[in-house]
Amino acid sequence: MSLKQIKRYLDNIENNKPINLSKFFKVVDALSLEISRASDDVKAYKHSGDLYIVTEIEAKLKEELYLLTSSNDWGREGLAQQNRSHDANVDGSFIIIRSSNHLPSLITICGNGEVLSDFEQQKQALLIENRQNFLKINETMKFIKEYTNTNLGPELDIIFTEGNAISNALHEPFLSGYEHLSLLLDLDLGGLTIAKNLTELLPNIPMKLILPLDIEERLSKVVEVKAHDYLEKVFGLGSNYPLLTVAASIIHKHKKILEQESYLNDV
């Protein structure tokens, strides 16, 4: 629920336009106001169906609702006055990146897509989901070399995906500068979702999802299995995205997942 949604209701009430009263009550009741809404705080008459014309709102409730939505600035700074900054997008983003085992750098991206950085971008990049693997880059690269069929050249950028944050639309201009992306992600629904979002963000960039050659043996040692609905979501991703077909079928077959930090046990 956003403050903009509440403001739309108030604007319609102010202009004698019908609103869905039950939905309005649901929005208001979800707020943490000083005094909860009473059953007779809002007076209205039926217009048609679920729509009502509101004729009166109790004074204290009305004051708080208007105060809550009074900002003329719907950016994060303005909304923060009512602790609602999360209702707006951040005006910019950043990417944490490193070359080989060099210390990480920061790529800053403005809200208009402008990239602010003196980082010299390579032609290929390895995207790593988990912080531990990104920080232990020497061990991670050793694992990829010894346990997968992925041959990564020395001129390589290594990017921390920060969960699914890497698929932010603001990152598209920078990521489009690569000729190929290799993805080292958790073998689970979250990892597959990151890969799916990247393929949608960068449909023209070739990508490879890195899996250990002995992934099925590794999964056989995992004790817990995933629920049916979880596996169905995995299966759906594998069916709709060729990049994910093999990984999704392996998860579905074994009913198990694996975090990529486990790979660090082998090096």
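A search of the whole structure turns up eight salt bridges, where a salt bridge is a side-chain nitrogen of Lys or Arg within 4 Å of a carboxyl oxygen of Asp or Glu. Keep in mind that this is a predicted model: local features need pLDDT of at least 70, side-chain atom pairs count only at pLDDT 80 or more, and totals for chains, interfaces and linings use all residues. Residues are numbered from 1 along each chain as its sequence is written, and side-chain values use heavy atoms, with hydrogens and water left out.

Start by selecting Asp214 and Arg218. Their side chains meet in a salt bridge, 2.7 Å from N to O. Asp214 is partly exposed at 23% relative accessible area, while Arg218 is buried at 12%; buried means under 20%, exposed over 50%, and partly exposed in between (1.4 Å probe, protein chains only).

Asp266 has 29% relative accessibility and counts as partly exposed.

Show all three together: Asp214, Arg218 and Asp266 are linked in a network of salt bridges.

Next stop: Lys221 and Glu217. Their side chains form a salt bridge at 3.8 Å, N to O. Lys221 is exposed, with a relative accessible area of 63%, and Glu217 is partly exposed at 46%.
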